Amino acid sequence: MSESTGSEGRRFPAPEQLAASANVGPDVYAEAEADRLAFWATQARRLTWAQEWDEVLDWTNPPFAKWFVGGKLNVAYNCLDRHVEAGHGDQVAYHWEGEPGDTRTLTYAQLTEDVCRAANALLELGIQAGDRVAIYMPMIPETIVAMLACARIGAVHMVVFGGFSADALASRITDAGAVLVITSDGGYRRGAPSALKPAVDDALSRTEGVRNVLVVKRTEQDVEWTEGRDLWWHDVVDRQSPQHTPEAFDAEHPLYIMYTSGTTAKPKGILHTSGGYLTQVAYSHWATFDLEPDTDVYWTAADVGWVTGHSYIVYGPLANRATSVMYEGTPETPHRGRWFELIEKYRVSILYTAPTVIRTFMKWGEDIPAGFDLSSLRVLGSVGEPINPEAWLWYHRNIGGERCPIVDTWWQTETGAHMITPLPGVTSLKPGSAQTPFPGIAAKVVDDEGNELGDDATGLLVLTAPWPAMLRTIWGDDDRYVDTYWSRFGREVYFAGDGAKKDADGDIWLLGRVDDVMNVSGHRISTTEVESSLVAHPAVAEAAVVGASDPTTGQGIVAFVILRGSATDSGDDLVQQLRTHVSKDIGPIAKPRQIMVVQELPKTRSGKIMRRLLRDVAENREMGDVTTLTDSSVMNLIKDKLPASS
Ligand code: WTA
């Protein structure tokens with residue numbers, strides 16, 4: 001990666017002015033190191049607590065952590081009311097922009113009232129603290145209102161990305177035991193209304209326990225209606241009182257569940273709780289982006305349906321009283337300069353996005369950003385996958401005007417908040433490396449036995465101390481929580497599932513997943529999940545799926561399938577059918593880039609599919625070691641099936 005750029009060794013020191021005035025200076029690392037718990041306690045005081053904690057961390061039963069034990073707070077109060085009480089009610093919380101160009105401006109005072117109305121509506125619908133509420137929405141303000149209304153009354157939200165299928169929604173509703181679904185008729189994507197309500201209807205025909213569906217009107221599309229179950233948001237929410245007294249909940253009260261792909265077909269419900277989570281997202285948002293709430297305009301260009309949206313569109317920015325931009329649609333609608341137009345229009349000063357988007361912009365060409373005034377930008381961020389140095393340098397030059405530091409933030413749904421990242425006023429940046437564990441975070445690169453590695457040796461990334469925003473468990477499955485993350489190197493070491501190396505300067509480079517999880521456009525998709533979907537198709541007997549490197553999306557999904565004897569068609573039509581099948585089954589993000597029909601799959605003597613070899617084929621590489629194969633001629637058979645060009 002870095003070898004090909006000629007940029008090896010280039011450093012980008014923090015801009016002088018920023019270094020002099022940044023929220024966080026170089027001493028922060030030593031301060032955190034000296035007393036990690038005291039450091040986090042200091043950060044927790046950024047929040048308003050109804051009752052202070054007795055103990056910062058209870059780690060007597062690892063890996064089940066309790067942070068800020070005995071403390072009580074209301075998360076929504078911390079994100080809203082307290083700013084209004086401090087006289088900032090007129091400050092804009094969100095400049096929202098719909099894809100068709102309609103706009104809404106929400107101040108902290110308005111958002112607080114909207115959330116109170118929604119909280120009162122949820123109470124009227126019988127939702128109680130601890131109940132799970134599914135949210136399946138486009139990128140509209142009501143999505144955030146719904147999340148905060150849940151937080152306000154202690155209900156646990158479970159947001160499902162609007163691009164997921166009815167099936168995916170149904171299994172998540174069932175696993176979480178949701179009693180209410182909040183959705184909308186649809187949202188705008190790529191210039192057209194895209195329906196959501198039909199997927200909810202479909203999902204609910206296969207699940208039990210959901211009493212009501214609350215539907216926001218966005219696109220005015222026709223919707224099917226189940227009387228007694230379905231309710232319009234505007235009928236139920238608008239007539240409520242804009243006042244609601246927040247109740248303080250325990251620091252460890254569950255805040256949300258977010259499902260993410262694991263190495264089996266069943267997604268994991270990652271559980272986050274209140275006090276520690278809000279502490280770390282608020283502090284990291286302030287420190288990593290050098291947020292100045294009175295002057296910055298902050299934009300996380302991601303979907304609220306992912307953890308990036310939860311932590312850095314909703315909770316972090318609101319806890320810090322940021323003014324944010326929120327955009328409903330896609331970057332190329334109605335033209336490829338849409339994002340830059342928004343940066344110019346709202347004078348965005350901090351932009352946070354994913355490498356896959358940067359690479360797409362690179363493909364479209366630098367003339368597009370050059371046509372807009374991007375001089376308001378001062379800090380840029382990257383998240384979701386390793387950013388290759390070429391993309392980093394392009395981002396730095398063509399969007400950041402060579403003046404904005406880029407913070408390459410490594411973290412996960414499970415970690416809740418930034419874990420390895422440069423700090424914009426401190427770190428001398430190295431394109432392609434996430435560099436430094438965040439203050440108060442302990443990370444190492446180790447070999448298979450857990451011995452620490454350095455000097456560019458490739459190993460596994462582990463986190464060696466608990467952190468406030470850590471997941472608390474996998475919903476309903478403590479054993480899987482322990483097995484997946486805390487058993488490889490003992491119960492006190494978190495195994496992240498990412499390969500990494502540490503260079504001679506001590507900077508950490510992330511090298512991608514080491515498990516069977518693909519990263520497509522910054523989204524985690526499990527190979528097993530796509531395989532199960534393929535074998536559920538009547539024409540498929542067996543399937544193996546790999547993530548092959550892709551110049552734009554990071555990885556692309558390549559599937560090898562063996563057809564059933566009864567399948568009559570093995571041509572392009574069937575391949576298209578299978579791609580559509582997976583897209584419908586899981587969601588468009590899981591649609592394989594390529595499907596190859598093969599006679600056999602390479603397996604070890606113990607019957608395990610050798611994905612490594614398939615990845616070699618998919619990436620047109622010389623094949624690696626085939627000695628453990630039962631029958632090494634299988635690979636020749638597969639290679640013979642490839643299109644002539646490869
Ligand atoms: C990858 C997204 C390298 C990594 C916040 C991780 C990254 C997975 C980076 C988590 C980065 C995320 N550099 N790799 N800056 N950020 N990843 O749960 O493989 O959707 O394990 O959380 O994305 O993805 P998730």
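The dialogue below goes from confidence to domains, then to a sheet, a helix and an annotated site.

Colleague: What is the mean pLDDT of the protein, and what share of its residues reach 70 or more?

Modeller: This is a predicted model, and the mean pLDDT of the protein is 93, with 95% of the residues at 70 or more. Residues 1–7 have a pLDDT below 50, and this stretch makes ten contacts in the model beyond its near neighbours in sequence. For the model as a whole, the scores are ipTM 0.99 and pTM 0.91.

Colleague: Into which domains is the protein divided, and how many residues of domain 1 and of domain 2 are in contact?

Modeller: The division gives domain 1, covering 16–500, and domain 2, covering 521–640, and their centres, taken over C-alpha atoms, are separated by 32 Å. Across the boundary, 24 residues of domain 1 are in contact with 19 residues of domain 2. A separate label comes from UniProt, where an unreviewed entry lists residues 27–79 as "domain: Acetyl-coenzyme A synthetase N-terminal"; over residues 27–79 the chain is 40% helix and 19% strand, with 28 Å between the end C-alpha atoms.

Colleague: In what order do the seven strands of the open sheet come, and which are the edge strands?

Modeller: The general idea is that strands of a sheet pair through backbone hydrogen bonds, either parallel or antiparallel. Here seven strands form an open sheet with mixed pairing, in the order β5-β4-β17-β16-β18-β19-β20. The edge strands, each pairing on one side only, are β5 (103–107) and β20 (406–409), and from one strand to the next the twist averages 20 degrees.

Colleague: Which strands pair with β16, and in which sense, parallel or antiparallel?

Modeller: Strand β16, residues 297–300, pairs in the parallel sense with β18, residues 350–353, over three bridges, and β16 also runs parallel to β17, to which two bridges join it. Tyrosine 298 shows both relations, standing opposite isoleucine 350 in β18 while having serine 324 in β17 as its bridge partner. As for the side chains, Val297 and Trp299 point one way from β16 whereas Tyr298 and Thr300 point the other way, and all are buried.

Colleague: Which strands does helix α13 lie across, and what do the buried residues of α5 pack against?

Modeller: Helix α13, residues 338–346, lies across β4, β5, β16, β17 and β18, and runs at about 145 degrees to β4. In helix α5, residues 81–88, the buried residues are Asp81, Arg82 and His83, and the buried residues of α5 pack against α4, α6, α7 and α12.

Colleague: Which residues does UniProt list under "binding site"?

Modeller: The unreviewed UniProt entry lists Val535, His537 and Val540 under that name.

Colleague: Is valine 535 buried or partly exposed, and is histidine 537 buried or exposed?

Modeller: Valine 535, which lies in helix α18, has a relative accessible area of 32% and therefore counts as partly exposed. Histidine 537 lies in the loop between α18 and β28, and it counts as buried because its relative accessible area is 10%, where the cut-off for buried is under 20%.

Note on methods. Residues numbered from 1 in each chain as written. Predicted model: local features only at pLDDT ≥ 70, side-chain atom pairs only at ≥ 80, totals over all residues. Heavy atoms only, no water. pLDDT = per-residue confidence, 0-100. Contact = heavy atoms within 4.5 Å. UniProt positions renumbered as here; feature names shortened; annotations may be inferred. Helix = DSSP H or I, 4+ residues; strand = E, 2+ residues; numbered from the N terminus. Pairing = 2+ DSSP bridges. Axes fitted to C-alpha atoms, helices over the stretch in contact; angles between N-to-C directions. Buried < 20%, exposed > 50% of the residue type's maximum accessible area, 1.4 Å probe, protein only. Domains from an automatic or database assignment.
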